[in-house]
Amino acid sequence: MMRLDEQTRPDFPILERVVNGHPLTYLDSAASSQKPRTVIEAMARYYERSHANVHRSIHTLGEEATELYETARDRVQRFVGAEHREEIVFTRGTTDGLNLLADAVGHTLRAGDEILITEMEHHSNIIPWQMAARASGAAVRAVPVTAGGTLDLEAFARLLGPRTRVLALTHVSNVLGTINPVADLCRRARAAGALTVVDGAQAVPHMPVDIPLLDCDFYVFSGHKILGPTGIGVLWGRRAVLERLEPTRGGGEMIKEVWLDHAQWNDLPWRFEPGTPPIAEAVGLTAAVEYLEKLGMERVREHGAELTRQAVEALAALPEVIVYGPRTGERGALVSFSVAGLHPHDVAALLDAEGIAVRAGHHCAQPLMRCFGVVGTTRASFSVFNSPGEVTRLATAVTGLSSAL
Amino acid sequence: MTGVAERPPLYGEVIRERWRRPRRRGELADATRVAEDVNPLCGDRVRLMVALDDGHLRAVRFLGDSCAICTASADVVAELVEGRETAAAAALTARDVLDVLQADIRPTRMRCVTLPLTVLGQALAG
């Protein structure tokens with residue numbers, strides 16, 4: 001069988017770009033992935049042929065737009081194995097979904113309650129909970145990260161208690177690549193009476209995710225990291241839990257009937273989707289999900305795992321390079337590293353001069369950076385279109401970099 | 001394979017030289033003003049120490065955990081304002097620093113240049 005990148009590369013128009021005199025080597029998909037032609041064309045076709053507002057437009061285009069928008073929900077439902085279509089709420093992205101949850105759940109918290117997060121969370125899964133805690137008098141606790149880059153599970157057991165009302169944790173670390181045992185942790189947290197929120201932003205792009213198997217109450221991810229457009233994300237909520245959750249954002253679409261002094265909320269999922277939704281983005285998301293399904297997520301996972309194994313091995317072999325994250329077992333399709341004597345931004349700038357796009361800095365995970373005693377790291381991340389040759393190019397470019405400035 | 005020697009120089013010679021051998025980096029034991037700030041984009045941190053003496057900056061030193069551009073900028077800022085009257089030091093602009101750095105700084109990295117200036121402003125404001 002053809003290697004995945006050989007099959008997919010022609011589908012990504014942006015890969016034809018030349019950057020600083022070199023063919024683009026895009027190793028920043030964990031920040032935002034590139035888009036296959038089918039996604040770009042689906043969105044253009046929608047704007048050229050079918051655009052109108054959804055749900056209340058009684059005309060042909062309005063009906064087409066509504067059907068396309070709601071089809072996206074069905075496609076996403078199938079993609080993540082959700083039992084009910086009304087469990088799929090469209091948001092603007094992972095950050096938006098986490099804020100929505102922290103707002104809505106935050107209203108039910110009281111002084112003395114505890115929100116349990118982890119030290120490896122993205123700021124998006126820290127700040128909204130800090131805000132909810134400040135408003136309610138609840139406290140935020142964090143599960144520490146071990147030197148090996150995994151969650152301290154003994155500490156988790158100690159921190160989980162009768163006061164824990166929320167467990168919010170990432171499925172895959174955006175810095176370390178660690179794949180957390182979310183099903184086990186969510187099961188234990190739910191047994192202790194907590195609501196469980198999983199940040200799937202770095203998991204859904206790279207592995208088959210069957211949400212019901214994870215035993216969580218909420219799961220959020222972004223469209224733009226799974227080959228889809230920016231501006232749309234998904235919040236999956238267990239139906240029975242979503243039913244009990246009060247919406248915190250009002251407007252059109254989220255109501256059934258309105259009086260001047262009160263209103264009746266709409267059914268799920270529209271109750272949580274006030275205003276005109278990201279329609280073209282939903283159309284793009286459908287195309288992205290269909291593209292990934294056609295490749296097969298198991299194959300996507302194997303490809304990412306293979307590139308990551310190669311990158312970890314090649315970079316760890318360089319004496320001036322430190323590689324972060326678990327060294328055994330599988331990890332997300334990314335590798336964070338630092339080069340002795342060089343600031344991560346300078347590493348990224350030096351690599352960019354050779355056409356290699358990587359991420360550098362704190363990766364919106366400053367508490368985690370402090371665990372490892374660094375200001376930031378450089379991160380290479382992989383997608384379906386990246387090749388083993390590009391990983392070799394990265395390792396070659398990093399070689400000898402510490403004397404380059 | 002691209003060897004180290006073939007790598008085109010990045011940032012320009014002034015930045016590289018000041019990154020390798022900063023002239024004003026270090027502690028200042030008798031500092032009368034100290035300020036520190038971070039770049040929210042990257043977490044870079046610059047600490048500026050100033051010994052104010054009779055209305056002028058007798059000595060200026062910096063410490064920081066920062067990239068080459070930011071380090072070079074802090075070094076240039078410290079050097080340029082040392083010996084100046086307070087008002088003249090406060091009037092230092094990003095243009096003045098860029099003139100010394102002699103580098104084409106991209107918009108995404110301009111904050112690396114201006115962070116030391118922000119910290120200088122904080123130090124002088126007391």
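I looked up A:E70 and found it buried, because its relative accessibility is 11% (buried means under 20% relative accessible area, exposed over 50%, partly exposed in between, with a 1.4 Å probe and protein chains only). This is a predicted model, in which local features need pLDDT of at least 70 and side-chain atom pairs count only at pLDDT 80 or more, while totals for chains, interfaces and linings use all residues. Residues are numbered from 1 along each chain as its sequence is written, chains are lettered from A and ligands numbered from 1 in the order in which they are written, and side-chain values use heavy atoms, with hydrogens and water left out.

A:E70 forms a salt bridge with A:R73, with the closest N and O atoms 2.8 Å apart (a salt bridge is a side-chain nitrogen of Lys or Arg within 4 Å of a carboxyl oxygen of Asp or Glu). Both residues lie in helix α3 (residues 60-80) of chain A, three residues apart, which is about one turn of the helix. Helices (H or I, at least four residues) and strands (E, at least two) are DSSP runs, numbered from the N terminus. I noted A:R73 as buried, with a relative accessible area of 0%.

I then checked A:R92, which forms a salt bridge with A:D96 at 3.6 Å between the closest N and O atoms. A:R92 counts as exposed at 62% relative accessibility, whereas A:D96 is buried at 10%. I also traced a network of salt bridges with shared partners, which joins A:E70, A:R73, A:D74, A:R85 and A:E273. Over all chains, I have 43 salt bridges in my notes.

**Sheet of chain A**

I followed an open sheet of seven strands in chain A, in the order β4-β10-β9-β8-β7-β5-β6, with mixed pairing (two strands pair if DSSP finds at least two bridges between them). Its edge strands are β4 (88-91) and β6 of chain A, each pairing on one side only. The twist from one strand to the next averages 20 degrees (axes are lines fitted to C-alpha atoms, for helices over the stretch in contact, and angles run from 0 to 180 degrees between N-to-C directions).

β4(A) and strand β10 (residues 233-237) of chain A run antiparallel and are joined by four bridges. In this pair I saw A:V89 opposite A:L235 of β10(A). Helix α4(A) packs on the sheet and touches β4, β7, β8, β9 (218-222) and β10 of chain A (contact means heavy atoms within 4.5 Å). The direction of α4(A) makes about 150 degrees with that of β9(A).

**Helix α5 of chain A**

Which residues of helix α5 (residues 127-136) of chain A are buried? I listed A:P128, A:W129, A:A132, A:A133 and A:S136. They cover an arc of only 140 degrees around the axis, so they are on the same side of α5(A) (the arc is that of the directions from the helix axis to the C-beta atoms). On the other side of α5(A), A:R134 and A:A135 are exposed. The cover over the buried residues includes α4 (94-106), β5 (114-118), β6 (139-143), β7 (164-170) and β8 (195-199) of chain A. Just after α5(A), I found a positive phi of about 85 degrees at A:G137.

**Sheet of chain B**

I turned to chain B, where an open sheet of three strands has the order β1-β2-β3 and antiparallel pairing. β1 (33-38) and β3 (56-65) of chain B each have a single partner strand, so one side of each is without a neighbour in the sheet. Neighbouring strands are turned by 15 degrees against each other on average, direction ignored.

Strand β2 (residues 45-53) of chain B pairs with β3(B) over nine bridges in the antiparallel sense. Here B:V46 stands opposite B:G64 of β3(B). Helix α2 (residues 68-81) of chain B packs on this sheet and touches β2 and β3 of chain B, with its direction at about 170 degrees to that of β3(B). Helix α5 (residues 110-125) of chain B also packs on the sheet and touches β1, β2 and β3 of chain B; its direction makes about 145 degrees with that of β1(B).

**Where the chains meet**

I counted two salt bridges between chain B and chain A. B:R109 forms a salt bridge with A:D346, with 3.3 Å between the closest N and O atoms.
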